[in-house]
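Here is a walk through one protein model, from its packing to its charged pairs. Keep the sequence and the 3D view side by side.

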Amino acid sequence: KEIGRLLMEIQKNQSQLQGREDALKEAERQLYQRRLAQEKEAERQKSDRAKLDSLRTDLDRASAELAKKNVSIAELTKALAQRDSVSQALRKRVSDAMFGFEGKGLRVYQKNGRVYVSLDEKLLFMPGKYEVDAKGRDAILALGRVLEQHSDINVEVEGHTDDVPMKGTGQIKDNWDLSVMRATAIVRLLTSVGKLDPKRVTASGRGEYFPLDAAKTAEARQKNRRTEIILIPQISQVLDLIKN
């Protein structure tokens, strides 16, 4: 009986020990899972910190670039204001020098930092011709005297015609030829006297392709037959800022 009792006691103890071992294994399993979860969380936090550091670096770089651009924009705004001021002063000088011709086929205006001197065909040329007549010569020479005093001004001369086809067999074949020849005649006159450097002057013909008035009327065609002399202030600061 005593042995039986002892055997039962041993079995009971073994059962309790097995239960404790099972509980211990479960606790170890849960601890292991928690450790894995903590390691994953630590890796996630590490990755998040790396991303945050990268975003901060990008933000600092973007802020520095924005500050630099703001400075450049301020410099460009100042330079453009200077350009417009130069253009306005130039427009006034040109208007004053050519005062006697305004309202007689000549118009001086300012646009986008440039000064435009627009001359009607009747002020410069006979219909279909490219030789500058006496009235036009006086106007061009008056403009040339102003440009002599501004070595920082580039000049573009554009010839324009109407859309009436011109068919020639001589030196002038069509409207495009006529517009080019007229622009070249003006350039030659501008550079024939005084100190205007030919390197500063460009001649081009636009033909009939840039009309002021697209209507098919005599009045519209008369407006379209013109020569435009474009005065471009060469402010290096503006050009450098635009390039950058």
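Is the crossing of α1 and α3 left-handed or right-handed? It is right-handed. Bear in mind that this model is predicted. Helix α1 covers residues 2-97 and helix α3 covers residues 134-148. Their axes lie 9 Å apart, at an angle of about 145°. On the α1 side, the contact is made by Leu90, Arg93, Val94 and Ala97. Ala142, Leu143 and Val146 meet them from α3. By class, this contact has 6 nonpolar residues, no polar ones and 1 charged residue.

Now turn to the sheet. It is open, has 5 strands, and runs in the order β1-β2-β5-β3-β4 with mixed pairing. β1 (106-111) and β4 (201-207) stand at the edges. Each has a single partner strand, so one side of each lacks a neighbour in the sheet. From one strand to the next, the twist averages 20°.

Look at one pairing within the sheet. Strand β2 (residues 114-120) runs antiparallel to strand β5 (residues 226-233), and 6 bridges link the two. Here Val117 of the pair stands opposite Ile229 in β5. Both helices described above also pack on this sheet. α1 touches β1, β2, β3 (153-160) and β5, and its direction makes about 170° with that of β1. α3 touches β2, β3 and β5; its direction makes about 5° with that of β5.

Charged pairs come next. The structure holds 15 salt bridges. One of them joins Arg5 to Glu2, with the closest N and O atoms 2.2 Å apart. These two residues are 3 apart in helix α1, which means about one helical turn separates them. Arg5 is partly exposed at 44% relative accessible area, and Glu2 is partly exposed at 46%.

Arg225 and Glu121 meet at 2.9 Å, N to O. Arg225 lies in the loop between α5 (218-224) and β5, and Glu121 lies in helix α2 (residues 121-124), so the pair ties together parts 104 residues apart in sequence. Arg225 is partly exposed, at 23%, whereas Glu121 is buried, at 11%.

Lys216 and Asp163 form another salt bridge, at 2.5 Å, N to O. Lys216 sits in the loop between β4 and α5, and Asp163 in the loop between β3 and α4 (175-192), so this pair connects parts 53 residues apart in sequence. Lys216 counts as exposed at 60%; Asp163 is partly exposed at 24%. Finally, salt bridges with shared partners join Glu121, Asp162, Arg182 and Arg225 into one network.

Definitions and conventions: Residues numbered from 1 in each chain as written. Predicted model: local features only at pLDDT ≥ 70, side-chain atom pairs only at ≥ 80, totals over all residues. Heavy atoms only, no water. Axes fitted to C-alpha atoms, helices over the stretch in contact; angles between N-to-C directions. Helix = DSSP H or I, 4+ residues; strand = E, 2+ residues; numbered from the N terminus. Left-handed = near helix turned anticlockwise from the far one by under 90°. Contact = heavy atoms within 4.5 Å. Nonpolar A, V, L, I, M, F, W, Y, C, P; charged D, E, K, R; others polar. Pairing = 2+ DSSP bridges. Salt bridge = Lys/Arg side-chain N within 4 Å of Asp/Glu carboxyl O. Buried < 20%, exposed > 50% of the residue type's maximum accessible area, 1.4 Å probe, protein only.
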